[in-house]
Amino acid sequence: MPYGIVHHFAGGTKSQYEASIAAVHPAGGALPKGQTFHAAGPSAGGWTIVAIHDSKASWEAFRDGILKPAMSKGIKGGFTSPPQETAFEVDSVHKS
């Protein structure tokens, strides 16, 4: 079952997002293994990222193997604090 993650970085900026994504995503704009969708943009009070993974397990593998280690070391120019996270099982997906 697909699994969705919403991260809101209070006070986050586009430049912090770009530095952070460069550190945790494959080069050339590709998505990490298991991720099927990624959207990001400015939102009230910061920056919000929405990611859909093909399963909760693929999200956890990315989170534990790539995202958390990179963020705990610090990403030069990246987000400086953890996000507010909302996770959900994706019940339906509609495409145009």
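The structure holds three aromatic pairs. One of them joins Trp-59 and Phe-62 in a tilted arrangement. This is a predicted model.

**The Trp-59 and Phe-62 pair**

- The ring centres of Trp-59 and Phe-62 are 6.2 Å apart, with 45° between the planes.
- Both residues sit in helix H2, which spans residues 56–73.
- Trp-59 and Phe-62 are three residues apart, about one turn of the helix.
- An α-helix has 3.6 residues a turn, so residues three or four places apart point the same way.
- Trp-59 has 3% relative accessibility, so Trp-59 counts as buried.
- Phe-62 has a relative accessible area of 7%, so Phe-62 is buried too.

**Helix H1 and its buried side**

- Helix H1 runs over residues 14–24.
- Its buried residues include Gln-16, Tyr-17, Ser-20, Ile-21 and Val-24.
- These residues cover an arc of only 125° around the axis, so they lie on the same side of H1.
- The cover over the buried residues of H1 includes strand E2 (35–43), strand E3 (46–53) and H2.

- His-53 belongs to strand E3.
- The relative accessible area of His-53 is 0%, so His-53 is buried.
- The side chains of His-53 and Gln-35 make a polar contact of 3.3 Å.
- Beyond its neighbours within four places in sequence, His-53 is in contact with residues including Pro-2, Tyr-3, Gly-34 and Thr-36.
- Ser-58, Trp-59 and Phe-62 are also among the contacts of His-53. Both members of the tilted aromatic pair therefore touch this buried histidine.

**The nonpolar cores**

- The largest nonpolar core has eight residues: Tyr-3, Ile-5, Val-24, Trp-59, Phe-62, Leu-67, Ala-70 and Ile-75.
- Strand E1 (3–10) and H2 are the elements that give two or more residues to this core.
- H2 provides the largest share, four residues.
- Val-24, a member of this core, is also one of the buried residues of H1.
- A second, separate core has six residues, among them Phe-9, Ile-21, Trp-47 and Ile-49.
- Ile-21, like Val-24, is a buried residue of H1. Ile-21 belongs to the second core, while Val-24 belongs to the largest one.

Note on methods: Residues numbered from 1 in each chain as written. Predicted model: local features only at pLDDT ≥ 70, side-chain atom pairs only at ≥ 80, totals over all residues. Heavy atoms only, no water. Phe/Tyr/Trp six-rings, centres within 6.5 Å; stacked < 30°, edge-to-face > 60°. Buried < 20%, exposed > 50% of the residue type's maximum accessible area, 1.4 Å probe, protein only. Arc of directions from axis to C-beta. Contact = heavy atoms within 4.5 Å. Polar contact = N/O pair within 3.5 Å; in protein donor to acceptor, adjacent residues only side chain to side chain. Core = buried A, V, L, I, M, F, W, Y, C linked by side-chain atoms within 4.5 Å.
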